[in-house]
Amino acid sequence: MAIVKAPKWASAGALIALGIVYGDIGTSPLYTMNSILNSARSVSQLQNFVLGSVSLVFWTLMLITTVKYVIIALRADNHGEGGIFALYSRVKDNNKMWLLIPALIGGSALLADGTLTPAVTVTTAIEGLKNQQIGAFLFPDNQAVVIAVVSVLLLIIFTFQKAGTKKIGNVFGPLMLMWFLFIGIFGLINVFSDLSILKALSPTYAIKILFDPENKTGIFILGSVFLATTGAEALYSDMGHVGKKNIYISWPFVYSMLILNYMGQGAWIMTHSQNPDILSQSSNPFFEILPGQWRFVGVILATLAAIIASQALISGAYTLVSEAINLKVMPRLRIFYPSNVRGQMYIGMVNWILCGIGLLVVWTFQTSHNMEAAYGLAITITMLMTTILLFEFIKLHGQKLIAVGFLLVFGFIEIVFLIASLGKFIHGGYATLIIMLAILSVMAVWYYGNKRREAISKEDDYLSLKDYRKQLVNLSKDEDEPIFATNLVYIAHMHQNYMLKRSIIYSIIGSRPKRANIYWFVTVKESSDPHSKSYAVDMLGTNNIVHVTFNLGFKVEPQINVYLKQVAGALIKQNILKPQFPKYAMNKHGNVGDFKYVMASQYYADLLNLPNINAWDRFLIGGRVWLQSHTVSSSNFYGLEFSDVVEEIVPLFIANTNRQKLTQIEVKNVLKETE
């Protein structure tokens, strides 16, 4: 039979995938078996315990990572993009607004649990240096030294984020290839020390250990087993960076190397089951299976893999937050793009929050063993939320029976894992749940605060632009009024029948009229394509009022100033708008004049004086406005940092503002005209 050689692009893409999507799940062998071993209670029954545990790891990776994510979830992409927010964009429907809830819960849980990844992986790797001879230096068996080294490494990792990862990213793939080959080869070598570990491939051992009376932890052992698959959600989220085909190609190799290592660790434990120190917390089977000087090599590779895993987590957090911002479920934050590479970004606030939490975790939990006890709880919630959205996705494609089967099978498995992981709550899992609830609260207040404000002011706080069209046309031609701008722009969502916020109409003609040659009203909508950049124009039957609707994907940077000048240039070329020929300009052939943007800042002190708003709405609306005032301004978010922007303060509810009626007492000394 002829051997088909894989195309070069496939090999290169698979290598890149190794460095981008497998950092988290690829470093799981550092701590998973160690956590399982710490769950053992009886040395005499250790062999059966290890067989069952390795079998659980094998089938957990098979069912959750391979079947659910690689085979099923990767099909639920949004124009090549993956992750819980991309999945939500595929299934959201005006008739199913509740689908936003699992998306918000899943996204906040993924961010929360991910805060532990750098701390756990780097700490575990550095702990492997204990008692290791490095030239003339002997690394001390002192946890305080480990904590100091880990703290310095974490600070270095987070400090260099703003520089971008383009150059470093080029070596991620080869390094992770070395890592997987290393753990696979040494795992295979140790498998030969006790071939009975191969029995773990049978699911009967996995089921048996859960109900074995000798297993004192019962199903709570699944809390440790689950650590083996914590990177599965990240695998789905990073699909857009490498493409699903490259994941299909690379996953069988990664899965094989992971299983060989888990089985090698298991075989080592079984051959040393009579050693009374086998359950010592200072003994990590991952490093114990490495002979002689290979352990030092293992520590170096583990540290590099931990850094890559941390880098992947940090980059993934930026992407997740950026998607949440563009879906309007998170406050606007300043995003910096260090290079032209697709998907590369830097969000300073997110970076330093992750850094602070990571350092706090290291200093609080001290050892990797204590961190493992807290790790993985929140990610089970994310996986359960993804299952709910995947159920809707499958059902949306007319496969209701398959959708129900999928929900029952994976919903049951993940609920069992969630229950098992709840045992971690008192051992530190509460920390990630607190972080998750904090993130979820911000998302909920930001999104629902705006919805409640719109609902309350929908009738009284909106006016139709059509009713003021004639006034705007006349104002534009009225030479008695001073010119305010050539192009005057308002960024605000325009609803059906050209309904706009009352404050916008008031800004133009309600106080001192703002005369402009062209009035622009910009609506920014989210496109179903994550990278879409398209627009539609409505002239409202005039030649000086333009409504532009931008359809931008949730991965597109909203540079409204750049886009709007392109639109103006196109409309002038099409003879829809007249050329503007500025009198003074750097480009003498330019035919687009100046743009001035008016941005409204909401004033919420009046919220306290409105008796017709209940306490819950008051909290949501006030909370959103508070977040808005403490994050990036609208002008910066829309890419207007270097544009001519006028900030105006407007009340939240113009029409509902209390108007006290005055009573006239008297008028004195009135001078009347005489005939």
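What share of the 675 residues in the chain is buried? Buried residues make up 54%, where buried means under 20% relative accessible area with a 1.4 Å probe, protein chains only.

This is a predicted model: local features need pLDDT of at least 70, side-chain atom pairs count only at pLDDT 80 or more, and totals for chains, interfaces and linings use all residues. Residues are numbered from 1 along each chain as its sequence is written, and side-chain values use heavy atoms, with hydrogens and water left out.

**Nonpolar cores**

A nonpolar core is a set of buried Ala, Val, Leu, Ile, Met, Phe, Trp, Tyr and Cys residues joined through side-chain atoms within 4.5 Å. The largest has 179 residues. Helix H16 gives the most to this core; helices are DSSP runs of H or I, at least four residues, numbered from the N terminus. At least three core residues come from each of domain 1 and domain 2, with bounds from an automatic or database domain assignment.

| Element | Residues |
|---|---|
| Helix H16 | 294–326 |
| Domain 1 | 10–450 |
| Domain 2 | 459–649 |

A second, separate core has 19 residues, including Leu475 and Val598.

**Thr121**

Thr121 lies in helix H7 (residues 117–127). Its relative accessibility is 1%, so Thr121 counts as buried. Beyond its neighbours within four places in sequence, Thr121 is in contact (heavy atoms within 4.5 Å) with Thr27, Leu30, Tyr31, Ala306 and Ser310. Thr27 is 94 residues away in sequence, yet the C-alpha atoms are 6.9 Å apart. The Thr121 side chain also reaches the backbone oxygen of Thr117 at 2.8 Å.

Note on methods:
Helix = DSSP H or I, 4+ residues; strand = E, 2+ residues; numbered from the N terminus. Buried < 20%, exposed > 50% of the residue type's maximum accessible area, 1.4 Å probe, protein only. Polar contact = N/O pair within 3.5 Å; in protein donor to acceptor, adjacent residues only side chain to side chain.
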